[in-house]
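Thanks for making time this morning; I would like to go through a few local features one by one, and I will give the cut-offs as the terms come up. Let me put the sequence and the structure on the screen.

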Amino acid sequence: MSATSGVARRDEDEVCPVCKSSRYLNPNMRFLINPECYHKMCESCVDRIFSSGPSSCPVAGCRKTLRKNKFRQQTFEDIGVEREVDIRRRVMQVLNRREEEFDSKRAYDDFLEQREEIIANLVSGIDVVKTEAKLKRYATDNVQSIRTNQALEVEESQSFQARMTLEQEEARLRRQAAREEYENERREMQAGRNDFLLRLAAGSPADAAAIAREGHKVLLKKSSARRSEEDRIRQKQAALRGTDVKRTASLLNTADTAGTTDTGLVKGLRKIKAPEPEKPYDPFDGMVPEKHDYYTLQDYYPSAYLDKIRKDTRMQAGGYDLREYYSRSLMEAFAGLGVSIAEEVAQRDATSMLGRSKPASTESAAMAAVGNTVASENAT
Amino acid sequence: MIEDDIYRTSSQFRLWSYTETSLQSLRANTNAAAIERVRTALRRAREAQQSTASSAVGTPITSQPGSESEGRGNEEKEIDCLTPEEELVFVRYYCEQLLELGETYKPPLPTLVRATAIQYLRRFYLSNSPMTYNPKQIMACALFVATKTENYYMSLRQFADGIPGNTTTEDVLAPEFLLMQGLRFTFDIRHPFRGLEGGAMELTAIAQGNGQPAPHMVHQTPEDLRQGLMSIAPPPVPSSSITDRIGRAHGTTREMLKSAAQMTDVYFLYTPSQIWLSAFLLADRPLTEFYLDTKLGGPLTSTTASTEDPNNNLQNPLYDLRTKVLAILNDCAALLQSYMPLSSDPAQMKNLKRIAKKLYHCQNPEKVNLAAIQKRGSQLPPSGAASSAAADSGPVTSESESDRLAKKRKLDREQKTRNADPFGPELVPDRTKGH
Amino acid sequence: MAASPFASRSPSLTISSPNTLRLRASTAQNASQTSVARRPQNADQELTEQLNDEVRQKYVKDKRLGEGTYAVVYLGHLKNDPSSSVAIKKIKVNAEYKDGLAMDAIREVKYLQELSHPNIIALHDVFSSKDQNLSLVLEYLPRGDLEMLIKDVNIHYGVADVKAWMGMLARGVWFCHENFVLHRDIKPNNLLIGSDGEVKLADFGLARSFADPNYNMTHQVITRWYRPLELLYGARQYSGAVDVWSMGMVFAELLIRIPFVAGNTDLDQISKICEAFGTPTEENWPGVTQLPNYIPSDRNVPLQGREFFLRQFPIAGPVGAELLMSMCALDPRKRTTALQALRHSWWTTEPKPTKKEDLPRKAGGDKKMGDDLTRRGGELDDSTFKNAARQLDFGAK
């Protein structure tokens, strides 16, 4: 990874270093880099040079072989920063131990420091070959733990996202409910006041004070009753969510069997294995929907016979769906095409005969001893 | 292939698929067992007759059907029974009759109902012999059960009225339980008809330039497919357009699936997709081969095929499967092609008459009146293993007097019809000549 | 069971069979060959009778779990494995039905023989008993059904549990539709629970295959509260969407713990649906007025949107409410399919579905299974009758 020359080169005022065309003439020009050597060139150069397969970098003196699919846009203006970020990302993906995996805070800090050192070495080109080899060995030795921790990270960020959206949605609903409540209250207050005025107008002056007191009390009671009802619902919902949180929290405490997970590179790891990450929930439970080997299902097939069904609104309104018919007839057109009954049934007969003579169950063994067994003894 | 695994879960594959050898030995076993039982039953009938004749002279029993029992009674040698091949021909005749029977209803019963009934009958006679249960008694029931399982509901009365002659509802229903037992309570039959529709639809889409490549042949564009279809060898019968050609192949195949596929052993030996594609192959070979190539890749080019190049596989990863499938389809096609309707062939009809005559002598007398047996069965435990010791004396002696009389009446009636024509009257007017 | 053809399933279609009892009938030819050799012992039995006896003698009946008009259910076990459990459902011969074996029994046997999936009750065997009655040997599901859990006020469950149950239900329904079978009677008491917590679709007495054009189907299927509007309007051609509506109703009921739209008559059901979800019109459901039993509504309620579902089912959360709404589309063409439902993002949003072993449970489920299996398809439980029946005690616990 000798990209130092690449880093040294600065932008030459929006001119492609390879074909020398400038942004002045082509305002839509995009520059791309390849993390192999970080030499910048314009999109059309990349298309021109690498479309027909891997080729060497066109920058004089650089002999790196580059592939088109590795080219990408630069994120940071400084190519040096760009490169460091790449290296950091790569190293952190491998050295992705988590704090809870270490014996002590100290051991975790040591690990973090070591990781920074490795990154620094790679960035500044010190002991590159040795460091890369170390990293690679660690990666191969710890495939399982790396994958586990990656999965955990993804999961955490996803559930964080989900929580954020959920909270936003709830906040929105709460705001809306509050607004509605306020509106209702205002309306009722208005109605109450009207009522109060009417009664005042109708009644004798002596009652006035009593009527006023009473009206005020009723209004208060109504709104507080509503408020406590809503609190109750809110609490109930919170409780429902609470049970789920508890369940996931207990997950981390279930430690599996111990195993020496110390690697040559990372020290101070806890002697227990991190629990297997929970497999992501698969709604299909291992089955693959809509996968076929003999045909690609289409949404429409020409057939004069089916045209009148396509036009039959009553049938359509009932929900009849020709795509279900297409799906069924194509499935039946090919289901079993590659099944050789002659081979498979012969084999099945042979193995089932074998299965019968196994002493797995005494009664089925008796069954195999065909001929002189008593019928009532048999049960297979 | 996923579609294949889905088929493997069907009861048709799990319970009703056989190799040619296993099918043959199963039929031979059934036949041997039935012969043994027919002979025992006849002997028992003879003994019973002799003992009643000697102990109770003057009872109505003496007026037993004359010619039949005497013929048997005097026979010292064992009776001549049907061979498995003869049984097969005999059952097949009733399968053809079933097709006709379905036609007599107004409106005619759907193809699917008739085909299911035929397959029920064929499955039933894998473990039962016509010598024990005459297919004439079973066939109406098979058709009735098929109307129920294929969701073509009609009442029993309505159904029985549709049968020419004076078949009663009891006659239809009597063997129902027996039939279902023989079917091992699997009612689902996987037919090739719907698959044919699917294939024809897809080919038409290809002809219109709207075909999608198969999952393993992703490099093909709809236009490639259309071009390929346009450049196949001409059809056996010239057609005006490719759509016309597909339509013609579809029609020919459908007829074959309604007849040859029902009357031969293809349902036991092949899968529904193989059956329709074999028939399609017979209808239009270049078209079928093109269609298979779009699924499983084309044949190897002559240059690479001749050299022993291990890279052959690279050219078409499905090459082995394609070879295997083509061989299976050719075998299946040959079996379909061998079929000739009995009634359109005088030689076969003559043979059939001979078998019917032979069966007349070796029909198991204890199973003739199914309605009575059924009635008895629902009242008393049948001769299961638990009661097999008690049943040693034989069902004839354990029968109640009324049942015995009913059976005798039935026997007499059968006797009369048999004497008129050893084969019995035609159930339906003969229409098979159109085939 | 070395002969099990399920061993050869490809990874793309792996169906785990957690129950140790995979008792699919052994291959026909072997059984018949061996029994031929034993012929002299019971010469009076037909080959098919012998095969049937072999199946029957594999099982031992223990106690009666329940009895209804349609069937009697027994708890049983494998003769050579006393620790196993099976439910034996003996279908009664209906004296009034003169057309042979009843359609319910035929349908149930036909489809269960073909469908093998963790979320569909397994049919191990079928045999006929001495009096020519049909007996189905079914997977034993001792933990009752969803109705029992919904109604029991002492059981507390949350949205994660609902998600787990709905996931299992949706999988089962999807598998049926994938095999072109409509269940046509989905409701909480047809969703039985296995000892491992797995929900299983049971009672296929109203099931039928579908997708063929120009075949009329009956609209008098699915228990009323779970029946979609197109069937109430008498549609004779319909699709998997009818089961999806029932799924939606079960979903709603799980969330609020009472049936969501419970009409007293078919007409009442129609008006309740319209009131709850909106009135169908030619605009929101083209062609609806052409359905055979369509009746114009006197009130015009606009179609309910997202807000309605969020307000009615706050526990489901916004994503869950959206899934429920997609199952409750009035126009069956706009309703989600079982496949699309399984692809919905609700399953992967927080909270995760509860693991099936952690789901709430309740004792006494075996009796409930007895009740469930003896009912005839499409019947609404009359609660007074049912309570009385329960007191009759189906075999002491």
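I begin with C:Ser129, which is partly exposed because 16 other C-beta atoms lie within 10 Å, where buried would need 20 or more such atoms within 10 Å, exposed 12 or fewer, and partly exposed is in between, with C-beta atoms placed from the backbone. This is a predicted model, in which local features need pLDDT of at least 70 and side-chain atom pairs count only at pLDDT 80 or more, while totals for chains, interfaces and linings use all residues. Residues are numbered from 1 along each chain as its sequence is written, with chains lettered from A and ligands numbered from 1 in the order in which they are written.

C:Ser129 sits in the loop between strand S4 (123-128) and strand S5 (134-139) of chain C, strands being DSSP runs of E with at least two residues, and helices runs of H or I with at least four, numbered from the N terminus. Setting aside neighbours within four places in sequence, C:Ser129 is in contact with C:Arg56, C:Lys90 and C:Ser135, contact meaning C-beta atoms within 7 Å. The C-alpha atoms of C:Ser129 and C:Asn52 are separated by 8.8 Å, although the two residues are 77 apart along the chain.

Turning to chain A, there is an open sheet of three strands in the order S2-S1-S5, with antiparallel pairing, where pairing requires at least two DSSP bridges between two strands. Its edge strands are S2 (41-42) and S5 (72-73) of chain A, each of which pairs on one side only. Strand S1 (residues 31-33) of chain A pairs with S5(A) over two bridges, and A:Ile33 has A:Arg72 as its bridge partner in S5(A).

Note on methods. Two residues are in contact if their C-beta atoms, placed from the backbone, lie within 7 Å.
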